[in-house]
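Hi,

Here is the structure we talked about, with my notes below. Please read them with the model open.

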Amino acid sequence: MIVVGVDGSRAGLEAVGWAVHEAGLRGVRLRIVHVMPAWAFEMPEDVPHADVGRWMRDGAADLLMRGMERARAEGLPVEVEPLLLPGDPRLGLIEAAREAELLVVGSHGLGGFLGMLVGSVALGVCGQTACPVAVVRAVPSEQDQPVPDGPVVVGIDGSSGGADALAFAFAEASARGAELRAVHAWSGPVIEGAPHLLESAERREGGEQRLLAEALTGWSERYPDVKVTAQAVNGHPVDVLKEVSAGASLLVVGSRGRGDLTGLLLGSVSHSLLHHAVCPLVVVPPR
């Protein structure tokens, strides 16, 4: 099952459209979830201002219906069901995704502030769920559209979380019939004009190339149908992955990398890419 959250925003409806295609690829059902304030959800009919609660429940039901209509408009043979829940949107979606294989949310909801690049719900669920979270952006113009037949890009950093992201990316590329582009970005000086330091720089680059090769070892045997392109780049991971996301159909990263502090649920790279990735982003938690 795939769970997608809706709130009436354009990004939320884009998330539904993306999620129903993902459900079709996987052959699973799609559950469209809206979370509304508990006081309105639970308000009895025989109390003062009961009409306010009724109005909010009717609005919530309308949001779910619009989500269902968007899913059906994609014309795919996917079982779709609505679910209305009370409470905080972040906690409600985390709970709804407890038995899901993927949670999908829009990048920016109706409650966000103008100018914010990603909303509080997207930030609040990434790193908090047992399943991967896909964040889908409502793009402002055609030139910013993700490339539907582009490669699946996965960020490699040598961490255990990165290995889980790699597993997700290979399965996704295989299901889509897409190329997989494995990108390892590393930050370090490449020094020119200093022969006594050049060997050290070359050793560093060789070590990063080996890290990438070791991370990919064995995966092509498991997924012989997936064409793999590997690339090690000297640059900040956020800058490098943001750039390659412009030509990708999907970007996949682990929720926390090697350099992040123990106890963090969402690392600095995945957090930054929530704001800046051009294509849909999947954040994969460690098992």
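The search gives 1 cavity of 30 Å³ or more. On a 1 Å grid over the protein atoms alone, a cavity is a set of points where a 1.4 Å probe fits but cannot get out. Grid points are joined across faces, edges and corners, and the volume is the space filled by probe spheres set on the points. For the largest cavity that volume is about 30 Å³.

Its lining consists of S107, V135, V136, R137, L273, L274, A277, C279 and L281. Lining residues have an atom within 4 Å of a point. Two elements give two or more residues to this lining: strand 5 (133-136) and helix 10 (268-276). Helices (H or I, at least four residues) and strands (E, at least two) are DSSP runs, numbered from the N terminus. By class, the lining has 7 nonpolar, 1 polar and 1 charged residues. Ala, Val, Leu, Ile, Met, Phe, Trp, Tyr, Cys and Pro count as nonpolar; Asp, Glu, Lys and Arg as charged; the others, Gly among them, as polar.

A note on the source: this is a predicted model, where local features need pLDDT of at least 70, side-chain atom pairs count only at pLDDT 80 or more, and totals for chains, interfaces and linings use all residues. Residues are numbered from 1 along each chain as its sequence is written, and side-chain values use heavy atoms, with hydrogens and water left out.

Next, the aromatics. The whole structure holds 3 aromatic pairs. Rings of Phe, Tyr and Trp (its six-membered ring) pair if their centres lie within 6.5 Å; planes under 30 degrees apart count as stacked, over 60 as edge-to-face and the rest as tilted.

F170 and W219 are stacked, 5.4 Å centre to centre with 10° between the planes. F170 sits in helix 6 (residues 160-176) and W219 in helix 8 (residues 219-222), 49 residues apart.

F170, W219 and Y223 form one aromatic cluster. The relative accessible area of F170 is 0%.

Finally, the whole protein. There are 10 helices and 10 strands. Buried residues make up 46% of the 287 residues.

Best wishes

Methods:
1 Å grid on protein atoms, 1.4 Å probe; cavity = no way out; pocket = protein on both sides within 12 Å on 5 of 7 lines; lining within 4 Å. Buried < 20%, exposed > 50% of the residue type's maximum accessible area, 1.4 Å probe, protein only.
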